[in-house]
Protein chains: 2
Amino acid sequence: MHANVKQNVIPITAPGLKVACSQCNLRELCLPFGLSENDMGRLDNLIGGGRKLKRGQHLYRAGDHFESIFAVKAGFFKTDVLTEDGRDQVTGFQMAGEILGMDGISTEVHTCNAVALEDSEVCLIPFTELEMLSSEIHSLQHHLHKVMSREIVRDHGVMMLLGTMRAEERLAAFLLNLSQRFTARGYSPAEFHLRMTREEIGSYLGLKLETVSRAFSRFQDEGLISVQQKHIRILDIPRLKALLAPPDGRIG
Amino acid sequence: MHANVKQNVIPITAPGLKVACSQCNLRELCLPFGLSENDMGRLDNLIGGGRKLKRGQHLYRAGDHFESIFAVKAGFFKTDVLTEDGRDQVTGFQMAGEILGMDGISTEVHTCNAVALEDSEVCLIPFTELEMLSSEIHSLQHHLHKVMSREIVRDHGVMMLLGTMRAEERLAAFLLNLSQRFTARGYSPAEFHLRMTREEIGSYLGLKLETVSRAFSRFQDEGLISVQQKHIRILDIPRLKALLAPPDGRIG
DNA sequence: CGCAGTTTTGATTCATCTCAATTTGTGTGG
DNA sequence: CCACACAAATTGAGATGAATCAAAACTGCG
C-alpha cells in the first residue's frame with residue numbers, strides 16, 4: 001500500500017536534496033495545507049526535489065514551456081511581465097510558502113519571468129502529476145483551487161492599488177502587506193530587509209523609482225518608518241494604516 | 001451507470017429553463033471546451049439551471065457565501081471591489097462564455113460584486129459538485145485550471161495597463177481587447193455598443209470619467225474611431241494598435 | 001580603495017484630476 | 001406620444017501629483 005514508485009523518483013536538479021512536505025515547516029502555508037499524514041507522503045513522492053537559485057537567476061522566463069509550478073522554500077522572488085515595446089511590470093513578490101508559475105497553466109507556456117531576488121530555493125511540483133494526484137485526494141484538489149483563487153483575489157487588490165491610490169498610499173499598502181506576510185512567517189512585523197530595488201518597488205506600484213524614494217523619505221520625516229537603504233523599520237503601524245483611508249473620509 | 005441523480009435536480013431559479021452545455025453555442029468558449037459528448041452530458045446534469053438577471057441586478061455581492069461559479073450565457077457583466085473607505089475598482093467586464101465568481105473559491109466568500117450591465121443570463125455551476133466531477137473527468141479538471149490560470153494572466157495584463165500605460169494607451173488597449181473578444185463571438189470587430197458608462201470604463205482603467213471622455217473625443221478627432229455615446233465604431237485598427245507602442249520606440 | 005549600481009534630492013514639466021458649466025440621452029408617467 | 005426629470009457625457013479652465021531631467025551621495029563589491 002505504501003511501497004509505491006518512490007524509488008524511481010530521482011531528483012534531477014539537486015541530487016540528495018530531500019524536500020519532504022511532511023517535514024517542512026512551511027506546510028501550513030503551502031500546498032500541503034490540510035492534508036493527512038498519508039496524503040502528504042503521496043505529495044512528497046510527486047515533488048521533484050528542490051532547486052537552488054542564486055540571486056539574479058531566473059526560475060523561468062516568459063516563453064518557457066510550462067511543466068511545473070513551484071513552491072518557494074526559502075528566499076525571495078519577483079515576477080514580471082514585459083511587452084514587445086519594452087514595458088516592464090512587476091506583477092508580484094513571492095516569499096517562502098508561496099506558489100509560483102500558475103500563469104503557465106492556461107497556455108502551457110509561461111507568460112512572465114520569475115527571478116530570485118536573493119539566493120533561494122524552490123520545490124518543483126510537476127503539474128500534470130499534481131493534477132493526477134489531486135483527482136484522487138479531494139482536499140489537495142480543493143486546496144490547489146484555493147491557492148489559484150487567492151492569487152486572483154490578490155491581483156484584484158493590486159488593481160485596486162494601481163487604479164485608485166496615490167503614491168504614498170501605494171507605498172503604505174505595500175509596506176503593510178510585507179509586514180503582514182513576514183508576521184505570518186514568524187518574522188518581525190516591524191523590521192525587515194527589502195530584497196528588491198526602488199525601481200522594482202516602483203514597477204510593482206506603478207511609480208517611478210524617484211517617487212518611491214521620495215515617499216520613503218517623507219514617511220521617515222514624519223516618523224512613520226525608519227529607512228536605511230533596504231533596511232526598513234516601521235515605527236507607527238496604526239498611522240501607516242490610517243494613510244490608506246483617504247484624507248477626507250469620503251463615505252457613501 | 002448513467003441512471004444518476006438527475007431526477008432530483010430541480011432548477012430552482014428558472015423552472016423549465018433548459019441549459020444544456022451540449023446544445024449551447026458557447027461550448028467552445030466556455031467550461032465544456034474539449035469534453036466528449038458523454039462527459040458533456042454529465043456536466044449538463046450538474047449545472048443547476050439558468051438564472052436571468054435584469055440590467056443593474058447583482059449576480060452576487062462581496063460578502064456573499066460562495067457556492068457556485070457562473071458562466072455567462074448571454075449579456076454583459078462587470079465585477080468590482082470596494083474598500084471600507086469607499087474606493088471602487090472595476091476589476092473586469094465579462095461577456096458570453098466567460099466565467100464569473102472564481103474569487104470566492106479561496107475563502108468561501110465572494111470578495112467582489114458582479115452586476116449585470118444589461119439583461120443577462122448565466123448558468124449556475126455548483127462548485128463542490130464541479131470539483132467532484134472534475135476529479136473523474138480529467139479534461140474537465142484541466143480545463144478548469146486553464147480557466148483560472150487565464151484569469152490570472154488576464155489580471156497581469158490589467159496590472160501592466162494600470163502600471164505602465166498613459167490614458168490614451170489604456171483606452172486603446174481596452175477597445176482593442178473588446179474588439180477581439182467580440183470577434184471571437186462572431187460579432188463585428190469594428191462596431192459595437194459599450195454596455196458600461198464612462199465612469200465604469202474609467203474605474204477599470206484607473207482614470208476619471210472626464211479623462212475617458214476626452215480620450216474618446218480625441219480618438220474621434222484623429223479619425224481612429226467614431227463615437228456616438230455608447231456606440232463605437234473603430235475606423236483604423238492598425239493605427240489604434242500603433243498607439244500601444246510608446247511614441248519613442250524605447251527598446252533595450 | 002575605487003568603481004558601478006543604487007539611492008537621494010532638487011528643479012521643472014506635463015498628464016491627469018478637479019471643479020464647473022452645458023449638452024445630450026433615457027426612462028417614466030401623464 | 002410628448003414632456004419632464006434625471007443620468008450620462010462632453011468640454012473648458014485651472015490645480016496638482018507624479019514624471020522627467022539632472023546631479024550628488026552613498027553602498028557594497030571586486
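Predicted model: local features only at pLDDT ≥ 70, side-chain atom pairs only at ≥ 80, totals over all residues.
Local features need pLDDT of at least 70, side-chain atom pairs count only at pLDDT 80 or more, and totals for chains, interfaces and linings use all residues; side-chain values use heavy atoms, with hydrogens and water left out. Residues are numbered from 1 along each chain as its sequence is written, while chains are lettered from A and ligands numbered from 1 in the order in which they are written.

Q: Which other polar side chains approach DNA strand C, at a base nitrogen or a phosphate oxygen?

A: A polar contact is a pair of N or O atoms within 3.5 Å; within protein, one must be able to donate a hydrogen and the other to accept it, and residues adjacent in sequence count only if both atoms are side-chain atoms. Here, an N or O atom in the side chain of Glu210(B) is 3.1 Å from a base nitrogen of DNA strand C. At a phosphate oxygen, a polar side-chain atom of Thr211(B) lies 2.3 Å away.

Q: Which elements give two or more residues to the surface near DNA strand C?

A: Helices (H or I, at least four residues) and strands (E, at least two) are DSSP runs, numbered from the N terminus. The elements in question are helix H6 (209–221) of chain A and helix H6 (209–221) of chain B. H6(A) gives the most, with five residues.

Q: How many residues surround DNA strand C, and which are the closest?

A: A residue is near a strand if one of its heavy atoms lies within 4 Å of it. DNA strand C is surrounded by 19 residues, the closest being Arg198(A), Ser213(A), Ser217(A), Ala167(B) and Thr211(B). Of the atoms of DNA strand C that come within 4 Å of the protein, 66% belong to sugar and phosphate.

Q: How many salt bridges are there between chain A and chain B?

A: A salt bridge is a side-chain nitrogen of Lys or Arg within 4 Å of a carboxyl oxygen of Asp or Glu. The count between these chains is two. Arg87(A) forms one with Glu169(B), the closest N and O atoms being 3.2 Å apart.

Q: What is the area buried between chain A and chain B?

A: Buried area is the accessible area (1.4 Å probe) that two parts lose on being put together, summed over both. For chain A and chain B, this area is about 4300 Å², with carbon and sulfur atoms giving 61%. In chain A, Arg87(A), Met159(A) and Met160(A) lose the most area to chain B.
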